[in-house]
Amino acid sequence: MGLREDQIAEARATKTPDGKRIYSDEQIDAYVRQLDLQQTFSRSVLDPNQPEPPSQLLRQAAQGISLNTADEIEAYLRTLGGGDREAVLRDVRMKLKNYQAASPIASTAAEIAGSVPLAVVGGPAAGSTLLRSALKVGAVGAGMGAGSGFGRAEGDVVERLGPAVVGGATGAVAAPLAFGGLKILGALADPVLDFASRKFGDKFSRSVETEIRRITEATQMTPDEIVQRVANGEPLSENKALLSAVRLLYAQGGQPASILRGSLGTRPEALREGVIADIQQTLTGNIKDPNVLRGFNASEADRVAVRNQLYEQAYKSGGIITPKMLAAFREALKRAPDAAENINSLHLAKTGQKPFFKLDDAGEIQFVRAPNIQDMETARRGIQTTINNKFKSGQGDVGTELKPFETALRQEINNSSQALKDARATAASNKVTTESFDAGKRAFGKSPDQIEIEFESIVGKGGDALSAYRAGVMDQLRSKMSSGGRTSMMSKLEDANTKEGAIFRIIYPQDKVDGILKLAATAAQSQRAAGKVMGGSDTFAMQAEAKQQGINISGQEVLSALGGDSFSAARILGKWMQKNAPNLTPEQKQEVAKILISTDKDLIKKALMDNSKWDEIQRKARAIGSRITRTTPGLFNVPTQNLREMISQ
């Protein structure tokens, strides 16, 4: 027990002879206060060697977080095992008062630091209205002011009520004023920095950037993914997740609508034509004419001319008519006597001469003159015509029986004339080419399973047949594009579940199909976007989007506000006060429209991920402001007494 406690105990124990106390409790308390006053540190004392009181930083911080009740809590804890609680409390308070008098700035700062958690917890929530925020700040200020005043005062509950009321009233008025003032400062500072960044930093306005970022949140993609999509040729205006927002901007008319129309009105056709041009270049090979049928017919005429020239040269070269050749001719004609008429008709049409043979009554061949190699080739063709007719007329068995004799005659002719053999091979190849082209023209009229089988057969016939088949497919594709399916063909090709899409994947070169399908998908999406934005009626999604336009609140701002960024919270609350009208200016809407239709990845990157120095300055300014705005309404009430004491000195 110290000297003071001994004196208090002695005063209480001093009594008159009749047992009454000489000193009342009031007299003792007055004496104690006088002693405290004598021990209080003061800068006004004459003694220059007065020692500085010991630091009470931790106790001062504890006062801040406990609304000035830490001294009483400490006294209670220290006397749990026994002791005079009032004496300990007086000792703690004396040390705090001396430290505040000796170091007013440090003590105030320590109390402010201690009160930060309370101030943060009591800060306004993101998304509240301005009125609700002000009311909450005022309520928090009143509560913290009242609690701080009550805890700082000494005496019983009644004696502390006065300081508590004064502190509560001060907090209720001062906290909203401090909060509102900082909000106004933030609202003024951010546009100034935004103007400077656009003026000297070559960047979009904050409203435009935030609107673009808000719109693109619907894609659920990262900025890097969005930039890559744009680099691949898909502007934001054609992203299916953003069509409601684009439609809304278009429906408002004016210059933004003209900008969107200029892109969406021309891009689908341009992309479609580009895809068709790439497909045609791949499928038609050497056919350069955009009209595939005309180009193929021209090449067909060239092939016929070459074939005829080969035959003429072979006929001029001649060949030996062997007994085996004549015997093969007789055997074939004996089994197909009706072929004689076909042979003679063909011979007359080809040479303009009378037949070189005739049949007697017994059906035996009588040569009118010695046949040459052209006569024998004409005879073979006549027999082949008869065989073909048998198959066409339903007499396939007869045709099958006759075929070996035609083959034997052809073999003898080939043995006699290599030139004629080569000419015939060329003619056969030309025929396969023509048939393949015709088959390709009918491809989309068949099932994918049929085409899979047919295509395997075509591939087995060689490169010329394959090229002709693909050219035929291209001819039919062009035919479909010129009809009512022009705008829907890209969608059908890019969809593997459609008949056209499945067939296309079968016949297109496999090393190029993925690339062309991506182009087709882009063209198809462009067409769908044009239809969605420039046609059709408003939907519920569009109406919901209309309620959001102009808010200009990005996900980043919300996250910043939730993390304690009061400047972001202030911008969120100030931009959108539950009004339906958009707050973008016509010029800003034009900027938004230009960004939406752009395929410049650098432009989109700048709008979504601006990392300029000006942007960094704005971020730092908002970060500093956020810490001040977030905590000041609560902190304003904590060190009121300290500040008054500092000012009075």
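Buried denotes a relative accessible area under 20%, exposed denotes over 50%, and partly exposed denotes values in between. These legends describe a predicted model, in which a search of the whole structure finds 22 salt bridges.

**Figure 1. Salt bridge between Arg229 and Glu234.** The two side chains meet at an N to O distance of 3.1 Å. Arg229 has a relative accessibility of 33% and therefore counts as partly exposed. Glu234, in contrast, is buried, because its relative accessible area is 16%, which falls under the 20% limit.

**Figure 2. Salt bridge between Glu331 and Lys334 within helix 15.** The closest N and O atoms of Glu331 and Lys334 are 3.7 Å apart. Both residues belong to helix 15, which covers residues 323–335. Three residues, about one turn of the helix, separate Glu331 from Lys334. With a relative accessibility of 30%, Glu331 is classed as partly exposed.

**Figure 3. Salt bridge between Arg424 and Glu377.** In this pair the closest N and O atoms lie 2.6 Å apart. Arg424 and Glu377 are both buried.

**Figure 4. Salt-bridge network containing Glu377 and Arg424.** Through salt bridges that share partners, Glu377 and Arg424 are joined with Arg380, Arg381, Lys403, Glu406 and Arg410 into one network.

Definitions and conventions: Residues numbered from 1 in each chain as written. Predicted model: local features only at pLDDT ≥ 70, side-chain atom pairs only at ≥ 80, totals over all residues. Heavy atoms only, no water. Salt bridge = Lys/Arg side-chain N within 4 Å of Asp/Glu carboxyl O. Buried < 20%, exposed > 50% of the residue type's maximum accessible area, 1.4 Å probe, protein only. Helix = DSSP H or I, 4+ residues; strand = E, 2+ residues; numbered from the N terminus.
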